[in-house]
Amino acid sequence: MHRLNNPPGPYKILISACLLGERVRYDAKINKIEDKLIDSWLQQGILLSVCPEVCGGLATPRPAAEIQSDGSIKTQAGQDVSNAFTTGAEKTLRLALENNIKVAILTEKSPSCGSSQIYNGNFDRTLISGQGVTTQLLRRHGIKVFNQFQLAQVQNYLDDL
Ligand code: SF4
C-alpha cells in the first residue's frame, strides 16, 4: 500500500538523472518519466539524481556504448570507454554512501544503469539478461536497485525499511 503522506523515514532515493528529464542521455534526448510516485518523492525532496556516465567525464551527446563479452565497454567504433564508466560508477557509489542511500531507481537497458537487461555488445539492438556497471557496483554494496517500471516496489521497499 502506498503511504504518500508518510515520508519513508530519512532515506533518499538515488535516481538516474535522465528519468527526471535531465539532458544527460548519450543521444541528448529527454526521457522523463511521469508518475505520481515520482511527483510525491519530488515534493518530499527525497530524490537524489545522478548520471554515472556524466560523472565519469563523458559528454552529452556521446557515442552509444555497450558492454562487451569480455566485460570491457566500447563504442561501436571500438573506442574503449571502460575507464569513464568505472569512474562514473565509483563516483555514484560514493554519492550513495555519503547520503545513506538504500535504494536506487536506475534506467533499464543502459550499460551503466540497467538492472535486468542490457544490450548484447554487438550494437544490433538485441537485449540480454545483465546489469550495467553502476548497478553492479551499487548492488555489491547492498543497495537495492530497481528500474523505472518498478516504482510501486520501490515505495513498498522503503515502507519496509
Ligand atoms: S548513464 Fe544512467 S543516468 Fe546517465 S543517461 Fe545513461 S541511463 Fe541515464
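Modeller: S110 has 15% relative accessibility, so S110 counts as buried (buried is under 20% relative accessible area, exposed over 50%, partly exposed in between, with a 1.4 Å probe and protein chains only).

Biologist: What kind of model is this, and how are residues numbered?

Modeller: This is a predicted model, where local features need pLDDT of at least 70, side-chain atom pairs count only at pLDDT 80 or more, and totals for chains, interfaces and linings use all residues. Residues are numbered from 1 along each chain as its sequence is written, and side-chain values use heavy atoms, with hydrogens and water left out.

Biologist: Where is S110 found?

Modeller: In the loop between β5 (103-105) and β6 (117-119). Strands here are DSSP runs of E, at least two residues, and helices are runs of H or I, at least four, numbered from the N terminus.

Biologist: Which residues is S110 in contact with, leaving aside neighbours within four places in sequence?

Modeller: E53, I118 and G132; contact means heavy atoms within 4.5 Å.

Biologist: Changing topic, how many residues surround the ligand?

Modeller: 14, and the closest are C18, C51, E53, T107 and C113.

Biologist: What share of the protein is buried?

Modeller: 47% of the 161 residues count as buried.

Note on methods
Near = heavy atom within 4 Å.
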